[in-house]
Amino acid sequence: MYVAVKGGETAIANAHRLLADRRRGDRSVPSLTIEQLIQQLGLAVDRVMAEASLYDTSLAALAVKQARGDMIEAIFLLRAYRTTLPRFGTSLPIETGRMRVERRVSATYKDLPGGQLLGPTFDYTHRLLDPTLLGDDIVEQPANREDGLEAVMRVSDILGGEGLIEPDGNMPDDHVAGDLTREPMEFPMPRDLRLQALARGDEGFLLALGYSTQRGYGRTHPFVGEIRMGLVEVEFEVPGLDFAVSLGEIRVTECQMVNQFKGSAKAPPQFTRGYGLVFGQSERKAMSMSLVDRALRTEEFGEDVIAPAQDEEFVISHCDNVQATGFVEHLKLPHYVDFQAELDLVRRMRAKQAGRAQGEPREAAE
Amino acid sequence: MQSKNQSLAGGFPDAVLNSQSVFRTLMDCMARPGTVGTVSPGIAPPAPLGIAAGAVMLTLCDNDTPVWLSPELTKSGTTAWLSFHCGAPLTREKTEARFAFLEAGAAMPPFSLFSAGSQDYPDRSTTLVIEVISLDGGPSLNLTGPGIRDITTIGPVGLPDPFLHQWIGNRALFPRGIDVVLTAGRALLCLPRTTKITAVEA
Amino acid sequence: MNPADHAPAADPRKRVMDLLARCSRGQLEAAWAQVEPKPAFARLREPETGLVMVRGRIGGGGSPFNLGEATVSRATIQLTEGTVGHGYRLGTDKTAAEWSAVFAALWQLPAMQDVVERTLLLPAEEQRAEEAAQLARETAATKVDFFTMVRGED
């Protein structure tokens with residue numbers, strides 16, 4: 001029960017003022033600039049963009065600063081800002097096959113066209129804290145290799161060429177891509193909508209679910225066919241022009257998971273797939289998403305839903321951290337009246353029980 | 001190219017304030033069915049789209065609202081104007097349309113071909129914007145229902161023939177049903193699905 | 001990847017608008033300083049910031065799905081003599097979007113095309129190619145060169 005309560009204005013105003021002070025911290029320490037956040041905490045900015053479902057590095061960095069580094073608060077801020085803007089339309093689908101890659105690795109093929117490109121990765125670091133970063137660290141310029149890059153072939157095309165893997169996911173011809181920011185959720189949910197939900201889903205939640213499939217709660221026998229990260233063009237059809245213009249480039253991370261094969265009397269066995277695509281550089285999220293995408297296709301492959309990661313309604317309804325935090329955190333708001341009612345009930349029950357203990361006659365109905 | 005460019009002119013001079021003022025007029029008129037409102041922003045929609053109809057289009061239509069245009073409007077500069085200013089998709093399927101526009105004298109398709117919304121989402125129905133010759137001076141129609149204290153009388157000139165008959169069918173669908181905005185030049189009045197219309201015997 | 005790969009090449013204005021979307025506001029303003037005489041223009045669409053829903057494809061090449069939105073700023077202007085220019089770019093810089101629109105219109109005037117190319121488009125094209133090549137060189141340096149060790153059998 002919700003009851004309007006007045007009062008506390010001064011306390012709230014002062015709390016916000018105190019928050020601003022604590023956010024700023026010691027005034028003798030220089031204030032962070034948005035550019036510093038974008039340049040030096042880029043992966044935090046990327047995560048906020050991915051889960052806020054809004055690509056804008058400056059606004060995401062501002063949100064991180066305003067939220068004092070609380071990622072979910074920053075995501076919430078950016079989601080709220082998003083609702084103030086009109087939507088001009090929908091882009092053409094980005095073409096990850098034409099990505100300007102900054103990283104590309106495959107765990108299924110050692111030698112593949114384009115090669116293994118490690119890019120800026122934490123992999124193979126020793127995870128030792130680096131005290132040189134305590135100061136204004138001097139960093140070398142990156143190494144250059146003059147012969148540049150070869151064309152980077154998609155691993156799914158290598159397997160697809162032999163028919164060993166299912167094709168890229170195709171919805172029925174008359175299917176219009178759904179948008180869960182416009183229409184209420186309904187289950188069962190088509191795969192395109194599930195991918196939209198997962199792409200903005202909480203990284204930690206998806207990571208845990210992906211992990212659970214590996215530990216046996218709905219195994220899918222995954223191999224990383226390919227992970228690629230880099231820049232893709234966003235093209236948009238402008239009303240009045242008969243060509244699509246490029247609005248610029250965005251950075252995305254894509255994961256192609258190759259999963260357990262499936263065959264039947266009619267079809268020879270072939271590998272199945274899970275897909276992950278995320279704004280910014282976030283391999284962990286893209287991998288988790290592809291594991292969960294595959295797990296959510298359980299019924300499509302005629303398998304039984306036995307594990308949490310395979311339960312569409314459970315996964316999709318709980319993967320959004322802004323919704324989740326709203327409902328969990330609302331518990332701290334005043335529930336004075338509900339609680340008074342409960343308190344009253346408990347007191348009456350106790351009084352009744354105490355009465356019985358003193359030997360009052362039992363009511364027949366009990 | 002030149003003809004194309006014409007279609008880009010004539011939008012709201014001040015998109016934010018103008019659309020707010022038209023929205024306010026529409027809201028008031030929808031809340032008080034039969035009340036005549038006037039849109040003031042200086043816009044120049046491509047003929048035969050009227051000024052009030054154009055203002056409604058600029059205010060309410062956007063990327064999320066498929067729009068159906070009458071055959072005459074489809075052939076006119078309205079298509080490009082709608083696309084440039086509103087970014088709204090044009091649809092040929094009347095049931096998909098959130099808004100439908102008809103110029104004065106256009107043949108009126110049966111209301112039942114448009115979306116009446118669903119029982120769960122009655123708001124997903126089509127709103128018809130119909131241009132008439134004038135909002136007054138025609139045969140008197142009495143309006144009653146929510147938003148009307150006793151009776152409001154209107155006298156539109158050039159209402160499509162089957163309108164009154166079809167309106168009875170539309171009212172029977174409640175809470176589903178279409179809503180209508182009648183426009184004439186700068187003036188408009190609203191007939192939400194809740195309004196009962198009775199022809200006054202002469 | 002070569003940006004010319006997928007340009008339909010039909011309309012040269014695509015190249016112009018693609019490049020203008022990548023020019024910084026500073027570059028656009030510096031180029032404006034070099035335009036003489038400065039043409040007058042009217043706004044057909046006030047500069048505004050909004051969203052474009054960015055789509056991906058299921059599996060990378062399948063049916064489209066909605067990945068998430070991006071901020072986009074746009075403007076449309078008309079030069080006094082009638083030519084229309086549209087400016088569209090990622091981000092919230094409405095001023096830059098309007099400058100893009102102005103230059104997209106100016107480029108269509110034969111008398112102005114040369115100055116727009118010289119002061120803005122050719123340098124932007126060059127800068128874009130150089131940045132792409134540099135990124136490719138840095139990424140290529142992280143390519144794994146496998147050595148096959150001598151195996152025990154035969």
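This is a predicted model: local features need pLDDT of at least 70, side-chain atom pairs count only at pLDDT 80 or more; totals for chains, interfaces and linings use all residues.
1. Where chains A and B meet, 9 residues of chain B are in contact with 7 residues of chain A. On the side of chain B that touches chain A, the most is given by helix α5 of chain B (residues 78-86), with 3 residues. Sorted by class, that side of chain B has 3 nonpolar, 3 polar and 3 charged residues.

2. In chain C, helix α3 (residues 94-107) and helix α4 (residues 110-140) pack at an angle of about 135°, and their axes are 8 Å apart. Angles over 145 degrees would count as roughly antiparallel, and α3(C) and α4(C) are therefore oblique to each other.

3. Which residues bring α3(C) and α4(C) together? From α3(C) come Phe103(C), Leu106(C) and Trp107(C), and these meet Met112(C), Gln113(C), Val116(C) and Leu120(C) of α4(C). The residues of this contact divide into 6 nonpolar and 1 polar, with no charged residue.

4. Helix α3(C) also packs with helix α1 of chain C (residues 12-20), at an angle of about 155° and with the axes 10 Å apart. That angle makes α1(C) roughly antiparallel to α3(C), and the crossing in which α1(C) passes α3(C) is right-handed.

5. In the contact of these two helices, Arg13(C), Val16(C), Met17(C) and Leu20(C) of α1(C) meet Ser100(C), Phe103(C), Ala104(C) and Trp107(C) of α3(C). By class, the residues of this contact are 6 nonpolar, 1 polar and 1 charged.

6. In chain B, 3 strands form an open sheet in the order β6-β5-β9, and the pairing is antiparallel. Why is one side of β6 and of β9 left without a neighbour in the sheet? Strands β6 (152-154) and β9 (196-199) of chain B stand at the edges and each has a single partner strand, so one side of each has no neighbour there. From one strand to the next, the twist averages 30°.

7. Within that sheet, strand β5 of chain B (residues 141-144) is joined to β6(B) by 3 bridges, and the two run antiparallel. Leu143(B) stands opposite Thr152(B), which lies in β6(B).

Terms used. Residues are numbered from 1 along each chain as its sequence is written. Chains are lettered from A and ligands numbered from 1 in the order in which they are written. Helices (H or I, at least four residues) and strands (E, at least two) are DSSP runs, numbered from the N terminus. Ala, Val, Leu, Ile, Met, Phe, Trp, Tyr, Cys and Pro count as nonpolar, Asp, Glu, Lys and Arg as charged, and the others, Gly among them, as polar. Axes are lines fitted to C-alpha atoms, for helices over the stretch in contact, and angles run from 0 to 180 degrees between N-to-C directions. Angles under 35 degrees count as roughly parallel, over 145 as roughly antiparallel, 65 to 115 as roughly perpendicular and the rest as oblique. A crossing is left-handed if the near helix is turned anticlockwise from the far one by less than a right angle, and right-handed if clockwise. Two strands pair if DSSP finds at least two bridges between them.
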